[in-house]
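Have a look at it first, and then read on.

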Amino acid sequence: MILKKRSAILRPLQQLKELIKSKYIMNYKITIIMLLATLFGACTQQSPEKKTFTSSLLQYDEQIDGIISQMTLDEKVNMLHGKYMFVSAGVERLGIADMVYADGPFGIREEMEPKGWNPLGWETDKATFFPTGSALAATWSPELAYAYGTGMAKEARLRGKDVILGPAINIQRIPTGGRTYEYMSEDPFLSSQLAVQYTKGAQDNGAAACLKHYALNNQENNRGTVNVIVGERAMREIYLPPFKAAVQEADAYSVMSAYNKVNGWWCAENDVLLNQILRDEWGFGGFVVSDWSGTHSTVESVKHGLNVEMPDSKFLGEALLDSVKAGAVSEDVIDQRVREILRVRLAIDPVPAEEANQVVTSQPESQKIAYDVACKSIVLLKNEGILPLDLSKKPLIAVIGENAVREMGSGGIGAGVKTLYEVTPLEGLKNKIGDKAEIQYAQGYVPVELDYEAIFGNKPQEKIDREEKAKAILNKKLNKEAVALAAKADIVLFIGGDNRAVETEANDRENIFLPSGQDDLIKQISAVNENIVTVLVSGAPNDLNTVKPLSKALLQSWFNGTEGGNALADILVGNISPSGRLPFTLPIKLEDSPAYALGNYPQGAKKGDIFVDLVDEKESEAHAADDNQENDPNMAYYSEESLVGYRWFDTKNKPVMYPFGYGLSYTEFAYADLNTSKESYGADETISLSFNLSNTGEMAAEEVVQVYVHRINPSVEWPFKELKAFTRVALDPGKSQTVTLEIPVEKLQYWNEELHAWDDDLCDIELLVGASSADIRLKKQVSLK
């Protein structure tokens with residue numbers, strides 16, 4: 001054990017030395033915190049978190065003892081890698097079924113070739129397209145997250161699947177992240193509450209959830225090579241809580257390791273993440289599967305906690321057998337990895353072959369869930385009285401924008417859904433408005449499409465230039481047609497934003513500007529018609545500096561699933577009051593967001609920025625010529641530490657376009673009479689607060705009440721405020737309700753990097769109750785003692 005600890009410490013120390021020599025760190029504080037984070041991570045086992053959770057999966061261990069005793073070494077190793085693209089092997093002679101995975105996490109992916117990425121082309125593998133992760137998060141509804149998991153599981157089982165590769169619960173660290181649309185939020189508490197219920201909903205209905213991507217997979221650029229250098233406190237307080245909550249509160253059955261490295265170790269062989277934290281501290285009882293082709297070693301992977309290499313057997317097949325026979329890996333380790341898989345296999349009943357891949361023509365329950373999520377996710381950002389739409393005079397409505405007719409269930413790189421159907425915004429408007437208005441459509445702009453020939457082939461520059469010229473000519477023609485339509489219309493509904501080719505796995509966006517010249521088009525439209533309602537169909541933040549002042553109303557409508565068009569139309573015509581709230585901050589400009597403001601994304605810290613006292617003078621001179629060169633793109637320094645999202649903007653007092661938690665309604669809500677059950681609370685007590693909420697408007701609606709905590713006299717540094725409770729409240733006009741929320745004091749702890757453990761910071765705090773992180777209506781001070 002002493003040798004193991006020594007080895008774990010020496011490797012990060014060597015890495016620390018190499019990083020200092022390379023002069024990649026931005027300043028003295030980052031040098032101390034970020035580099036020592038690697039060393040702290042290696043030493044975590046010295047002071048483990050107290051384990052308070054026992055997985056229900058352990059109940060199968062006695063039965064598993066009998067199974068493993070009958071297995072040959074070849075059969076055991078055969079379970080530890082992919083059999084087909086989305087299948088890992090069981091043991092047929094012992095009645096242990098294969099494990100079948102459903103790619104997701106917002107709909108069951110179509111069937112693929114056994115050994116490749118090409119679809120089989122069936123007509124029986126269609127599914128419901130549920131709103132994507134940021135849309136679910138915009139509902140701020142754990143109840144809907146549970147329903148979402150339920151719908152996913154039921155459709156997975158109809159298709160013979162055991163494991164849903166979801167929920168995707170990494171923190172949205174950068175606005176440009178290629179999978180921001182798939183992840184839930186910039187806030188760990190909101191993400192945790194939703195992850196727990198999604199997981200419960202799936203597993204209560206017969207499918208194992210697979211939490212992904214563990215951990216700190218917060219960018220797509222260089223995702224397969226990047227090394228995340230993160231402080232231990234930030235890792236524990238910001239990036240790991242959704243995973244911990246889903247494990248300990250929902251008993252998640254499986255976890256997918258991420259592509260990236262964390263503090264020097266690939267996630268698929270990261271002993272700190274997989275063994276020390278996930279299993280030893282949190283009590284996780286299930287299995288870990290690699291992201292596809294995300295395994296890098298044999299001995300370290302299996303020893304450090306990886307169970308299944310997907311989708312092939314490059315490392316955990318013959319190479320693993322050889323390693324066992326050579327004594328590099330003990331059969332006890334193999335037995336433990338097999339045990340963890342078998343626990344899930346026994347907890348999840350395999351779908352009989354005759355019942356798998358049923359023909360799914362309609363799933364009303366799933367489609368209702370998709371509709372409910374879509375309705376409650378749409379965020380009204382601005383309204384100068386133009387909404388709900390006035391249809392009393394049968395207006396001419398110009399619907400402009402390619403996103404009005406574009407389906408978002410698939411596109412780009414990565415998992416998509418072959419949808420049973422998808423209602424587009426234009427279809428939804430026609431469904432809900434009927435003959436109450438005249439609706440005319442103009443495409444307006446040429447959308448971004450992925451050029452697979454350029455991506456995967458060798459497309460001649462001459463051909464690229466020719467196509468770009470033709471696209472520019474077509475775009476000008478479409479602009480002209482749209483402006484002509486807008487000029488004669490009573491109302492313009494501009495349906496813009498991104499699409500799935502713009503926001504895509506494997507690539508981060510270069511910026512957050514609206515693509516395809518949308519800003520220029522809306523300027524042209526505004527010159528002929530001021531009555532513009534802009535709808536952003538995007539999964540991630542866009543720059544709104546142009547569209548906001550030119551729009552009388554502005555909505556965020558997401559990649560909103562099978563029923564997205566109907567939900568949007570119901571909001572626009574006033575059948576439902578909007579109640580979505582932003583799950584992330586919309587910055588005024590991209591450069592205001594923390595990773596960009598600090599210069600550690602996309603280019604990282606600049607060489608030569610390290611303080612001279614950390615390297616000798618000769619070395620400093622030797623690197624002087626490199627001062628203006630970019631840092632290694634495979635190093636990601638999380639130098640903002642815990643100041644992610646609104647924590648950064650609030651603490652640094654930076655203005656934003658729209659704050660975290662923001663969203664308008666068609667009614668007004670009044671907050672009054674905030675009280676707490678006590679004036680001071682001990683470390684093992686729970687803060688109970690209550691207040692009166694009233695709907696003072698004329699329409700039934702739902703309010704998302706948010707409670708933040710501000711530390712007044714702390715002993716350690718904190719963000720200015722942090723979300724610690726929230727709930728949805730539905731009220732009819734003129735009605736009031738007493739709202740009660742609880743915050744366990746234990747949930748206000750911080751990660752003490754000296755003790756490598758959670759610790760109390762018992763101080764005076766201010767409870768901030770409001771409608772967003774920037775719209776605080778009530779305050780009350782209490783003491784922690």
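This is a predicted model: local features need pLDDT of at least 70, side-chain atom pairs count only at pLDDT 80 or more; totals for chains, interfaces and linings use all residues.

Residues are numbered from 1 along each chain as its sequence is written, and side-chain values use heavy atoms, with hydrogens and water left out.

**Confidence**

The protein chain has a mean pLDDT of 91, with 90% of its residues at 70 or more; pLDDT is the predictor's confidence in each residue, from 0 to 100. Two stretches are where you'd want to be careful. Residues 1-47 stay under 50, and the model has 102 contacts for them beyond four places in sequence, a contact being heavy atoms within 4.5 Å. Residues 605-629 also stay under 50, with 39 such contacts.

**The sheet**

Helices (H or I, at least four residues) and strands (E, at least two) are DSSP runs, numbered from the N terminus. Seven strands make an open sheet in the order β1-β2-β3-β4-β5-β7-β10, with mixed pairing; two strands pair if DSSP finds at least two bridges between them. Why is one side of β1 and of β10 left without a neighbour in the sheet? Both β1 (82-84) and β10 (287-290) stand at the edges, so each has a single partner strand. Elsewhere in the sheet, β3 (residues 99-103) and β4 (residues 163-165) run parallel and are joined by three bridges. Asp103 has Leu165 of β4 as its bridge partner.

**Helix α14**

Helix α14 covers residues 364-377, so to speak 14 residues, and reaches 20 Å from its first C-alpha to its last, close to the 20 Å expected at 1.5 Å a residue. That expected span is 1.5 Å times one less than the number of residues. Buried residues (under 20% relative accessible area; exposed is over 50%, partly exposed in between, with a 1.4 Å probe and protein chains only) include Ile369, Tyr371, Val373 and Cys375 in α14. The buried residues of α14 pack against α5 (133-138), α6 (142-158), β11 (379-383), β16 (553-556) and α20 (564-573).

Ser366 lies in this helix and is buried, because its relative accessible area is 3%. Which residues does Ser366 touch, leaving aside neighbours within four places in sequence? They are Thr128, Phe130, Gly151 and Glu155.

**Cysteines**

Zero disulfides turn up in a search of the whole structure, a disulfide being a pair of cysteine sulfur atoms within 2.5 Å. Cys210 counts as buried at 0% relative accessibility, and Cys763 is buried too, at 5%.

Most residues other than glycine have a negative phi, and most peptide bonds are trans. Here are some exceptions in this model.

| Feature | Site | Angle |
|---|---|---|
| cis peptide bond | Gly166 to Pro167 | omega near 10° |
| cis peptide bond | Leu387 to Pro388 | omega about -5° |
| positive phi | Lys394 | phi near 50° |
| positive phi | Ser516 | phi near 65° |

Where do they sit? Pro167 is in the loop between β4 and α7 (188-203), and Pro388 is in the loop between β11 and β12 (396-400). Lys394 is also found in the loop between β11 and β12, and counts as exposed because its relative accessibility is 52%. Ser516 belongs to the loop between β14 (491-497) and α18 (518-526).
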